[in-house]
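I opened the model to see how its chains are built and where they meet. My notes follow the display.

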Amino acid sequence: MSILPRPIEPMVAFAQALRGAGFAIAPDQTIGFIAAVGLLGPGDILDIHKAGLALFAIPPERRGDYDAVFRSVFLGQTVAAPVIGAEEDELQVHEPTGAETDTEVEDDDSDIGDEASAAERLGHRTLTPGQANRVLELFSRDLPGRLPLRTSYRRRARKSGDKLDIRRTLREAARHDGDIVRLRETARKRRPRKILFLIDVSGSMEQGTETVLRLAHALVQGAERAEVFTLATRLTRITPALRPGDRAQALDRASAVIADVDGGTRLGAAMAAFLAVPRYAAFARGAAVVVISDGLERDDIGPLVAAVDRLSRLAWRLDWLTPLFADPNYRPETAAMAAIQPMTTRLGDGSDIAAMADHILGLARAA
Amino acid sequence: MPVTPNIAGIDSPVALQQALVAAQYLADDALSTAAYLALALGKPLLLEGAPGVGKTEAAKAVGGVLGRTVLRLQCYEGIDASGALYEWNYPRQLLALRRAEDASIDLYDDRFLLARPMLEALRNPSGTLLLIDEIDRADHEFEAFLLEFLSDYTISIPEIGTMRAETHPVVVLTSNRTRDLHEALRRRCVYHWIDYPDATLEARIVMARASSVAETTAQAVVASVTQLRAEPLAKPPGVAETVEWAEAATLLNAQGLRWPEAFRQSIGVALKDHDDLTFLQDRLEALLPGEAA
């Protein structure tokens, strides 16, 4: 530190403090920041604040964390711990970020009981763990080849395509003194569709949560563009937590970020919250959406039906897997399910892992 | 890092802000600071925000202030080098080849090169502003491709070689944030999140852009739009919608419709989603702009 000129020291310290708070900051951003502060004078402390916002590319939802670090470095105030999931009636969108995970990891370490209760819950499955693992293995093996595809806007050379490849044809013609020897063609590429997994983790779904998360993990591992969210009283994006290849580790991380496993249901509000974030709603656009829920809604069903309607119009297809389906006499007769059924592409069995795996592998087939 | 504190007579964020106001774009402190820093540091400016907050307008205004031509590159999924960078004019090459017969001819001459916005900006870095619009619509492949361009402002064309900009071109990127941009791209840019303007500023924007609108109407519309944005709508009205709603209602009013009715009749200008209208149906009366003029 001593090699730095004195006025620059706090700037570098600020960048480091931001890194400590979970912001990814590259050295050339620090250099840019210092140059920017120099450019602005700095006339007053707010200039430094603005320069940091711009050069460190602080997204709006992390403004609070940034301000706290700024205050602690430049104004000597202590950093308030980030408030996680303040109890409010409003439904919150919970997207774990670097800074938050830090605190959550601590919680996790101190809570050894978690694993025991997870094992206990597993005991309720009808399948033995061995059978379930076999299903997951087969699922992971078959998934890459069975993902639904869509036509991309990019083209590639193809022997019998649907469009003339002028570029290649004429390039070859140029080599043959301007004579067109062969017509080259292109066709559109095929790309895997996005898959969006919405998992209801409320109390009534408690039995299956663990299983579904294992399936979701296999899906995130095997599919190029899968996103997983859990719904209950809160909406939580768990895709990043499911990224590690090691299943046990990923499931631990996932259960640490899902703040309200087995909590109450506010399915409609959670789905509305999902649709209200443009970035999330964009995941659903043109995607194969799979909802795993029994559709039991505590509150008024209006918001739930409206949200599913909108979701079904954004999505390429919407499949609803309910654990109640296992009962051969099951009919979607609750008010919510009766209203939702016509909006779904297919209503399916969400009672055990084999049925769900089967359904997902069948998504590419016509509805 | 080359720093140019004075660009076309603009030597501070305040100077830029004043110039933008003169060009009919009302920018707040944070935006003019970020834009000034981007210009002075020779970095691209990345503007993010909800649709309709005026990101593209901001870029055009900066171009106007600097006296530069704005080259707009609209992004879409599947956009690639032939749409963004350059393409050879194959029919012309072929004709020239036929006509030349035995004479030798350079097929990769400049006259056969069709420059797309990025190449054009590179060829004339001091006279243009490159606007890469809605980068979130492009796919990751294009983002990676862009990264190379933005880090050292060079383009390589296999048939010609590498072209380098003499000076740093001014580049503005906009994103509606329908997806997260790659960290590496954000890192290279000066970033600004454009929020909806506060009520006073938005009323001033309405007045500046729609000359026919009375001040009281502008204020009433802005108050109503602010309320609408607090509702969980699929498509909250942007600044452009505010301006158009004020204009539309004023027009209907001039043709004899009474006030609240003029707003109700023109609601389609502000709310463009059937679900939103149904959702607000019962309460719409209370949300409409009240007394105006």
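**Confidence and conventions**

The model scores ipTM 0.82 and pTM 0.75. I keep in mind that where pLDDT is low, the predicted coordinates should not be read in detail.

This is a predicted model, in which local features need pLDDT of at least 70 and side-chain atom pairs count only at pLDDT 80 or more, while totals for chains, interfaces and linings use all residues. Residues are numbered from 1 along each chain as its sequence is written, and chains are lettered from A and ligands numbered from 1 in the order in which they are written.

**Chain B**

I found 14 helices and nine strands in chain B; helices (H or I, at least four residues) and strands (E, at least two) are DSSP runs, numbered from the N terminus. The C-alpha trace of chain B spans about 80 × 45 × 35 Å along its principal axes. Of its 293 residues, 42% count as buried, that is, 20 or more other C-beta atoms lie within 10 Å of the residue's own; 12 or fewer make a residue exposed, and anything in between partly exposed, with C-beta atoms placed from the backbone.

I then checked B:R204, which sits in helix 9 (residues 199–209) of chain B. B:R204 counts as partly exposed because it has 16 C-beta neighbours inside 10 Å. From B:R204 to B:L288 I read 84 residues in sequence and 20 Å in space, C-alpha to C-alpha.

**Where A meets B**

I noted that 32 residues of chain A are in contact with 35 residues of chain B, contact meaning C-beta atoms, placed from the backbone, within 7 Å. Helix 2 of chain A gives the most to the chain A side, six residues. That side divides into 22 nonpolar, four polar and six charged residues. Here Ala, Val, Leu, Ile, Met, Phe, Trp, Tyr, Cys and Pro count as nonpolar, Asp, Glu, Lys and Arg as charged, and the others, Gly among them, as polar.

**Cores**

I looked for nonpolar cores, sets of buried Ala, Val, Leu, Ile, Met, Phe, Trp, Tyr and Cys residues joined through C-beta atoms within 7 Å. The largest has 106 residues, and A:A36 and B:L37 are among those with the most contacts inside it. Helix 2 (residues 29–41) of chain B gives the most to this core, nine residues. Not counting residues up to four places away in sequence, A:A36 touches A:A51, A:A54, A:L55, B:L37 and B:L41.

Methods. Two residues are in contact if their C-beta atoms, placed from the backbone, lie within 7 Å.
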